[in-house]
Every structure is written in structure tokens, then in C-alpha cells.
Amino acid sequence: MSEKVINYLTENRDSLLEKLNQFLSIPSVSTDSVHKKDIKEAANFLETYLHDIGFDKVEQQETGGHPLVFAEYNQAGSDAPTVLFYGHYDVQPVDPIDQWKSDPFKPEVRDGRLYARGSSDDKGQVFMHLAVFEAYMKTEGKLPVNVKVCIEGEEEIGSENLYEILHDKKELFNADFAVISDSGMIAENQPTILYGLKGFTGIEITVSGPDHDLHSGMYGGAVRNPIMALNHILASMKNEEEVITVDGFYDDVEPLTDEERELIKQVQGEDYKASTGAPQTVSEKGYTAKEHTMARPTFEINGIYGGYQGEGTKTIIPSSATAKITCRLVPGQNPEKIQSLLEEHIQKNAPSGVTVEVKKEKLSAKAYKVEPNHPLIEKAATSYTKAFGKETVYVRMGGSIPVVEWIEAIYDIPIVLLGFGTPDDRLHSPNESFPLDSFDKGLETLAHYWDEVHTK
């Protein structure tokens with residue numbers, strides 16, 4: 001069955017790319033109210049395309065923010081599984097615009113890559129699924145599985161309304177398993193099964209001293225400097241061996257098994273010096289850089305500010321200083337508990353002469369992990385290998401996708417992360433792009449996958 005579908009995709013490649021370019025040309029930036037009409041246009045594009053494909057039910061659901069596009073196909077039969085396909089049609093802002101080599105909303109192909117905002121994250125990957133659904137309908141007159149489509153317009157602003165919708169409309173979105181393509185491969189043309197994602201949480205610390213900036217000559221030695229106090233607190237939270245020193249932080253961490261360490265060892269290592277410019281890697285004591293990024297929790301200071309920032313010197317004791325902290329979490333860790341442990345540590349280690357306020361990040365998520373030998377995962381690996389002609393590798397990723405944890409928590413179903421992006425796609429940055437080779441082989445992978453799920 002999949003061969004007919006693949007032939008259709010090959011024969012109609014140009015027209016499919018033209019349609020994708022129409023989608024990419026819509027500046028559906030969710031963070032800026034100036035693009036409200038563009039957001040609606042992108043939702044309309046999807047609604048029309050899903051109707052044209054032949055889905056039984058297609059509608060835009062109001063969310064209190066940007067609309068969610070829902071579609072349903074239930075003609076595959078009661079014996080066929082039902083899949084929930086999730087994606088998002090909103091994109092990041094394009095700033096700084098002067099660093100783009102071409103208009104971010106006028107797609108352009110250069111050196112085998114399609115350049116446009118959203119080409120990889122996530123319009124390009126969303127479109128691939130729809131194109132494969134189209135190919136099945138055009139060649140077979142039906143889809144091999146029952147499908148529910150959930151494509152939101154608020155992922156880039158934290159999916160502000162999605163959890164409530166998935167929770168309150170559980171029956172509408174319920175399925176046997178979910179598929180998400182909002183991720184990538186460890187290298188171009190290296191098929192990759194992503195079987196785990198880290199969780200996420202964060203806090204913001206503000207240390208306050210005097211009620212206004214003070215002259216450092218008149219008050220230095222009498223008043224605690226908030227920046228110094230803040231740095232004292234931060235230095236107490238992680239040591240030079242990259243071990244987090246907050247009491248209880250590691251208590252619930254699921255240990256990294258020998259089997260998983262072997263899986264990680266088999267993954268091609270990244271040349272961190274080339275990709276980051278950092279002179280060398282530093283990892284938690286006892287773990288390699290790959291093991292730490294994929295499967296161990298992290299503690300990072302994302303920003304720190306306070307005091308005078310201008311040219312030259314201003315001799316002051318600043319009134320306050322602030323630091324933003326995020327932690328990537330692993331299975332077993334609870335985001336709310338971690339926030340509480342961080343706050344307890346901060347208050348315990350706060351020097352005298354200052355007050356400390358801790359704000360807890362509202363957007364948090366638990367880690368997600370599915371067993372690598374799950375049948376749906378094995379079928380995905382087989383499909384990748386057929387299309388790319390290379391053995392599929394298995395990895396856990398350091399990033400977080402909150403919707404994955406939400407779907408697992410609400411529906412208790414396996415989630416297959418079928419990503420086709422590459423490390424060179426420059427997500428969220430100027431000159432975002434997507435390899436056309438990944439587009440072609442990704443379409444073939446999806447065609448094989450639905451066939452695998454249907455027939456075995």
C-alpha cells in the first residue's frame with residue numbers, strides 16, 4: 001500500500017512544495033498582536049486543506065486566544081487504531097530581520113534547503129503529515145488508520161490554552177496513541193527515535209537591599225551589596241564538578257541503567273567545540289556529555305542583571321539584583337517539588353542584610369519517557385530505516401515539549417515522536433531552514449509508518 005503512496009508523493013513533489021510555500025508565506029507569529037489576522041489565515045489554510053483531503057469533520061475551535069484546528073477521520077474501521085496527531089502552525093518572531101539572507105516569509109531554496117520561518121518548526125513537519133494523508137486518500141481512497149488532528153496556534157507562547165482544552169474535551173481528542181513531529185534527528189540523514197524528553201521548571205530570584213542605589217564610598221562596608229549576595233546564593237547551588245548541591249534535588253531521579261548508557265554510547269557524538277565555540281565540554285561528575293544532556297537533570301542560570309550597565313563606571317551599591325534559573329528534569333522528578341527545594345535552599349543560603357523574593361515559573365512539565373522496545377516505537381524505527389537507508393538510533397533529548405507530558409497525563413497513551421529536523425535548521429533564529437532531503441525521506445517514512453501500524 002505504501003508504495004502507491006510514495007509514488008504519488010514523488011510525482012506530485014513540486015505541487016506539494018508549492019502548497020507548503022503558501023503555508024510558510026503566512027506570517028503566523030503568535031507573540032505579536034499585529035499578526036492576529038495572519039494567525040487566522042494560517043488556521044484557515046489548514047481548515048481548507050483538511051477539508052480537501054477528505055476528513056469527515058474539520059473545525060476551528062476557539063481557545064480564548066488563537067484558534068485550534070481540529071479534524072477527524074473515522075472511516076478506517078473499528079479494528080484500525082486511532083491516532084492523535086499534534087502540531088502547531090504558529091511561528092517565532094523573525095528578529096533580528098537584518099540577519100536573514102532572504103525574506104523569512106518568502107520561501108527560498110538554497111543548497112538543498114528550504115529557507116523560511118517555520119520551515120522546520122513546525123509548519124514544514126505538520127505539512128508533511130497532511131501531504132501523506134492526501135496521498136493515501138488520492139491513491140487508496142481512505143486512510144489506513146483513524147485520525148484526530150490537533151494543530152494549535154499558541155505553542156510558541158507556551159500553549160496557554162491547550163491543557164484546559166485537552167482536559168475538558170477528553171473524549172473528543174482521545175486516541176490509542178499520539179504522534180508528534182516537532183523534534184528532530186541527531187544529524188542530517190540519521191534517522192533518530194526520540195524516546196524521552198526532559199521536564200522543565202524554573203524560578204526567578206530577586207535580592208533586594210537598600211530602597212535605592214547608594215554611593216559606594218559612603219555606604220560600602222556598611223550595607224550588603226545585593227549583587228554580591230545573589231552571587232553567593234547562586235554559587236552555593238552547583239559546584240565545579242557540575243553537581244547540583246541543593247538538598248533533595250536528586251532524590252527522585254531514576255538511575256541511568258547500563259542498557260541505556262549503551263544506547264547513548266552508540267549515538268554519534270556531537271562536536272561541541274565546532275557547534276558551540278566552547279573550548280571544552282563539562283559534565284556532571286561520573287557522566288559523559290551525551291549522558292548528561294540526554295538523561296541527567298540540569299541547573300542553568302539563564303540571565304542575571306542588576307546595577308549599572310552603561311559605559312564606564314558608576315560607583316554604586318545597587319538596590320537589587322535578579323537571576324533567572326531553569327532546570328531540565330528527568331523521569332521521577334516533580335517540577336513543583338523541585339521549585340520548592342530550590343526556594344528552600346535559596347532562603348537558607350541568603351546572607352543577612354538583604355531580602356530575597358522567589359517567583360516560580362508557571363509553565364512547568366514533567367519528563368517523558370517511553371520504552372524503546374514498545375511496538376509503536378519499533379515500527380517507527382523500521383519505517384525510518386526503510387526511508388533513510390540507515391539504522392535508526394535511539395536517544396533521549398535535553399529539550400522539553402510540555403504537550404507531550406500533558407497528553408500522557410490526561411490520556412495515558414504512548415506518544416511517538418517522529419521528528420525530521422536537523423541540528424543545522426536554526427530553529428528560533430534567523431535563516432531557519434529545512435533540508436529537502438529530510439522532506440522527501442520524511443514523507444516516505446510516514447507512508448511506511450501508517451502502513452506498518454495498519455498491517456501489523
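This is a predicted model: local features need pLDDT of at least 70, side-chain atom pairs count only at pLDDT 80 or more; totals for chains, interfaces and linings use all residues.
Close-up 1. You'll find His428 in the loop between β17 (415-417) and β18 (433-435). Take a look at its backbone too: phi is near 70°, a positive value in a residue other than glycine. Most residues other than glycine have a negative phi.

**Close-up 2. Asp111, another positive phi.** Here phi is near 50°, and Asp111 isn't a glycine either. Asp111 belongs to the loop between β4 and β5. Its relative accessible area is 80%, so Asp111 is exposed.

**Close-up 3. Two cis peptide bonds.** Most peptide bonds are trans. The bond from Asp95 to Pro96, though, is cis, with omega near -5°. Pro96 sits in the loop between β3 (82-88) and β4 (108-110). Asp121 and Asp122 are also joined by a cis peptide bond, this one with omega of about 0°. For Asp122, look in the loop between β5 (113-115) and α4 (123-140).

**Close-up 4. Helices α2 and α3 side by side.** The axes of α2 (residues 13-24) and α3 (residues 36-53) come within 10 Å and cross at roughly 150°. That makes the two helices roughly antiparallel to each other, because the cut-off for this label is an angle over 145 degrees. On the α2 side, the contact is made by Leu16, Lys19, Gln22 and Phe23; on the α3 side, by Ala42, Phe45, Leu46 and Tyr49. Sort these contact residues by type and you get six nonpolar, one polar and one charged. Zoom in on Lys19 and you'll see it lying over the face of Tyr49, 4.8 Å from the ring centre.

**Close-up 5. Phe70 meets Phe173.** The model has twelve aromatic pairs. In the pair of Phe70 and Phe173, the ring centres are 5.2 Å apart and the planes are at 75°, so this pair is edge-to-face. The two partners come from distant parts of the chain, 103 residues apart: Phe70 is in strand β2 (residues 68-73) and Phe173 in helix α6 (residues 170-173). Phe70 is buried, at 0% relative accessibility, and Phe173 is buried at 0% too.

Close-up 6. Phe249 and Tyr250 form an edge-to-face pair, because their planes are at 80°, with ring centres 5.4 Å apart. Phe249 is buried, with a relative accessible area of 1%. Elsewhere, Phe55, Tyr73, Phe133, Tyr449 and Trp450 make up one aromatic cluster.

Technical notes
Residues are numbered from 1 along each chain as its sequence is written. Side-chain values use heavy atoms; hydrogens and water are left out. Axes are lines fitted to C-alpha atoms, for helices over the stretch in contact, and angles run from 0 to 180 degrees between N-to-C directions. Helices (H or I, at least four residues) and strands (E, at least two) are DSSP runs, numbered from the N terminus. Angles under 35 degrees count as roughly parallel, over 145 as roughly antiparallel, 65 to 115 as roughly perpendicular and the rest as oblique. Contact means heavy atoms within 4.5 Å. Ala, Val, Leu, Ile, Met, Phe, Trp, Tyr, Cys and Pro count as nonpolar, Asp, Glu, Lys and Arg as charged, and the others, Gly among them, as polar. Rings of Phe, Tyr and Trp (its six-membered ring) pair if their centres lie within 6.5 Å; planes under 30 degrees apart count as stacked, over 60 as edge-to-face and the rest as tilted. Buried means under 20% relative accessible area, exposed over 50%, partly exposed in between (1.4 Å probe, protein chains only). A charge sits over a ring if NZ of Lys or CZ of Arg is within 6 Å of the ring centre and within 35 degrees of the ring normal.
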